[in-house]
Amino acid sequence: APDTLSIRPGKWNIDSWLFVPQGFKLIIQAGTLLRFSSSSGLISRGAVFINGATDNPVVLGGRDGEGGKGLWQGIFVLNTKEPSIWSNVIIKDTSGISLKGWDLTGGTTFYQADVILNNVSFSGNLSEDSLNIVRSKFELNKIDIENALSDGFDSDFSKGVVIKGEFKNIGLAGGGDAIDVSGTTIDIIETKFKDIGDKAI
C-alpha cells in the first residue's frame, strides 16, 4: 500500500532518527534486528506493526560498544489513527528520548496511540519508565519488563489490561514501581512481580 513503510528483514545499523510521518504506518517483519546509535531512535506519527515470530523475535537495541551495552534513545509513537500491534519483540537498552526540546521519561512511549503488545520484552532501560502509555487504550499480553533503572510500566489517563505479565529487577537505582498509574483504569491478571525496588502496583 502507498501509505505503508516496511523494513526489509535483516540486521541493520541505524545512525539517524527513523521518522514515520502522519498518514503512514510502519511494518517490521520477523528476522529483523535494528541496532541504533546512541543518538538515534524511532518516532512515529502512524501506527507501528511489529510481526516477530515466537522463535524469531524482532529485536530493537543499541550498538554494542567497547566492553559495554550500547544504549539508544528509544521509541515514541504518537497521535495514531489505529492501534499499533507488536508481537514477539525485544526492546533493550533504551536511554529515553531527548531531541529538539522533547525530553521523554519513557524508553518506549505511546501518546494518544492505542496499542496491543503480545509477548514483548523490555530490558535494561535507563530512563524513568521502561514503558509509558498516555491517553491511550492498551492491551498488554505477556509483557516482560526487567532490569529497569526506575519504573517498569507507567500509565497516565489511559485504560487497559495487563495479562500474564512479568516484572523483575525494577528500580535498580533505588526505588521504582513495577506498575505506576494515574488517572488510569487498569485490570491486572495473572501477573508476577519479583525484586521490585518500591511498589509492585
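This report covers strand pairing, one loop glutamine and the nonpolar cores of a predicted model.

**The seven-strand sheet**

An open sheet runs in the order E3-E6-E9-E13-E15-E18-E21. It has seven strands, and the pairing is parallel. Strand E3 (18-20) and strand E21 (179-182) stand at the edges. Each has a single partner strand, so one side of each lacks a neighbour in the sheet. From one strand to the next, the twist averages 10 degrees.

**Parallel pairs**

E9 covers residues 74-78.

| Strand pair | Residues | Sense | Bridges |
|---|---|---|---|
| E9 and E13 | 74-78 and 106-111 | parallel | four |

Ile75 stands opposite Thr108 in E13. Ile145 faces Phe167 in E20. Ile170 is set opposite Ile196 in E23.

**Gln73 in its loop**

Gln73 sits in the loop between strand E8 (58-62) and strand E9 (74-78). The Gln73 side chain reaches the backbone nitrogen of Ser98 at 2.9 Å. It also reaches the backbone oxygen of Ser38 at 3.5 Å. Beyond four places in sequence, Gln73 touches a set of residues that includes Trp17, Ser39, Ser40, Thr94, Gly96 and Gly107. Ile97 is also among them.

**Nonpolar cores**

Nonpolar side chains tend to be buried together in soluble globular proteins. The largest nonpolar core here holds 39 residues. Which of its members touch the most others? They are Leu60, Trp86, Leu117, Leu131, Leu140, Phe153 and Phe167. Strand E14 (residues 115-123) supplies the largest share of this core, with four residues.

Phe167 ties the core to the strand pairs above. It belongs to this core and stands across from Ile145. Leaving aside neighbours within four places in sequence, its contacts include Ile143, Ile145, Phe153, Val162, Ala178 and Ile179. Thr191, Lys192, Phe193, Lys194 and Ile196 are also in contact with Phe167.

Another core lies apart from the largest one. It has six residues, among them Ile43, Phe76, Ile97 and Leu99. Of these, Ile97 is touched by Gln73.

Conventions:
Residues numbered from 1 in each chain as written. Predicted model: local features only at pLDDT ≥ 70, side-chain atom pairs only at ≥ 80, totals over all residues. Heavy atoms only, no water. Pairing = 2+ DSSP bridges. Helix = DSSP H or I, 4+ residues; strand = E, 2+ residues; numbered from the N terminus. Polar contact = N/O pair within 3.5 Å; in protein donor to acceptor, adjacent residues only side chain to side chain. Contact = heavy atoms within 4.5 Å. Axes fitted to C-alpha atoms, helices over the stretch in contact; angles between N-to-C directions. Core = buried A, V, L, I, M, F, W, Y, C linked by side-chain atoms within 4.5 Å. Buried < 20%, exposed > 50% of the residue type's maximum accessible area, 1.4 Å probe, protein only.
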